[in-house]
Amino acid sequence: MSYDFDTLKVQAGYDAAQHNNAVSVPIYQTTAFALGDSYRADRLFSFSDDDPLYTRIANPTVDVLEKRLAALHEGAAAIALASGMAAVSYTLLNAAGKSGRILTTARLYGGTVDAFTSIYPDIGLNVDIVENPDDPREFERGLKENTSAIFIESLTNPFAAISDIEALAEIAHGHGIPLIVDNTLATPYLFNPLQHGADVVVYSATKALSGHGNVIAGAVVENGTFDYGNGRFPHFEQPLWFLRDLDDKERNILQVFPQFPFTGRLRAVHLNYLGAALSPFDAYLVLLGLETLSERVEKQVANAKATLDYLEHSPYVAWVRHPSAQGSPYRALADRYFPKGAGSIVSFGFKGTEQQKRTFVASTKIFGYQANIGDARSLIINPAETTHGELTPRLRELAGLSPDTIRLSFGLESAKDLIEDLEQAFKTAFEETA
Ligand SMILES: *Cc1c(COP(=O)(O)O)cnc(C)c1O
């Protein structure tokens, strides 16, 4: 029997009978798990037994979250990590191996783009950037012989641009490489990349997935169908001593994790040796947030839509970006991929001086001025100077990020109060410096 999304989000991956009949998922606050006898220890250490061994690698609370996320995507497996940045960096490193490259765009979370120059070259990960990501053919042209993956965000931050995911998946697969999608802004409630050709989905669970602004967490989900044995991923095919079986015979990743090679390798290599493990308590917070994912995101999208009309008619606003905004170039893609709405991040151009803009972001009383999105509370920020402030001028231009940009992340408050809050902040900004 298959269950709907809303049933899975509160029930999947958990069987109370296995946990002393506890109704709420217990927090297994323990570092290690008893090995039992030494033969059982042999099995645990050789990946021949799935039981937990040490919380950096696996923990029963974290495991429920991973199974629930896999179920919500109809994926083969998921892995939870300590942050969205760990999820992005481990995923790209896992795809590229020793000598691969990642083909991507500048329209990404600021920290992700910044890593392309700040750290990835130091660790041998090379990134190529497509200049016009609206044209899938540019991705085709940008592929190099050793490109290992195409990486995009399904809904971009801060402009909510939408890519033609199915076209990009076809290009990636034609080249024998996976399509990796950061689905943080969309959440699986609005969009499931795996159902549109993506092979790996990455999350900052810090944002709308957990949705309460109280945890830093990340996750990676895989479809389990991509063939990492096609000759382009030697790091999945090479037999290794640390993957040896009980008879000390070396095995490769594909042999040890045939159902979920991507997250299997990510756990055995990146999580194991680089160590960004999610704590059981934080996994519990994400599980709690997931229980209301659909209800929260639906309200957030409704609040965003209710405010679009107000912004589009405001004399203080130069432009508005959201796929549902008038004249958005992403309307057709939004209709096709986002029937429940294209997210709750709205950006607009502030029509005033720099000083007035600074007064404006400091004058909202409901919208909180902070570097976060997807919270139950509505948030406001000036991304060019803050979240995307570290981008080089060229990358900022490619991302289309002008200094007048204001980003709103809609929470769960009353739409009427949110609109009135913006109105009073505009008035304050323009009266004070008029
Ligand atoms: C916030 C964010 C990240 C980074 O996540 P953290 O949990 O802050 O490490 C990555 N991608 C996107 C799209 C984000 O919004």
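I take a crossing as right-handed if the near helix is turned clockwise from the far one by less than a right angle, and as left-handed if anticlockwise. I note that the model is a predicted one.

**Helix pair.** By that convention, I recorded H4 as passing H11 in a right-handed crossing. I then looked up the residues in contact: H4 contributes Tyr90, Thr91, Leu93, Asn94 and Ala95, while H11 contributes Phe262, Arg265, Leu266, His270, Leu271 and Leu274. Sorted by class, I find seven nonpolar, three polar and one charged residues in this contact. For the geometry, I noted that the axes of H4 (residues 84–96) and H11 (residues 261–274) come within 10 Å and cross at roughly 115 degrees.

**Ligand.** I next examined the ligand, which 13 residues surround. I listed the closest of them as Gly84, Asp182, Ser204, Thr206 and Lys207. A polar backbone atom of glycine 84 is 2.9 Å from an oxygen atom of the ligand. For methionine 85, I found a backbone N or O atom 2.9 Å from a ligand oxygen atom. In lysine 207, a polar side-chain atom lies 2.7 Å from an oxygen atom of the ligand.

**Sheet.** I traced an open sheet of five strands with mixed pairing, in the order S8-S9-S12-S11-S10. S8 (317–321) and S10 (368–369) are its edge strands, each with a single partner strand, so one side of each lacks a neighbour in the sheet. I found S8 and S9 (residues 345–350) to be antiparallel and joined by three bridges. Arginine 321 has serine 347, in S9, as its bridge partner. Helix H15 (residues 354–363) packs on the sheet and touches S9, S10, S11 and S12. I noted that the direction of H15 makes about 145 degrees with that of S9.

Technical notes
Residues numbered from 1 in each chain as written. Predicted model: local features only at pLDDT ≥ 70, side-chain atom pairs only at ≥ 80, totals over all residues. Heavy atoms only, no water. Pairing = 2+ DSSP bridges. Helix = DSSP H or I, 4+ residues; strand = E, 2+ residues; numbered from the N terminus. Contact = heavy atoms within 4.5 Å. Axes fitted to C-alpha atoms, helices over the stretch in contact; angles between N-to-C directions. Nonpolar A, V, L, I, M, F, W, Y, C, P; charged D, E, K, R; others polar. Near = heavy atom within 4 Å. Polar contact = N/O pair within 3.5 Å; in protein donor to acceptor, adjacent residues only side chain to side chain.
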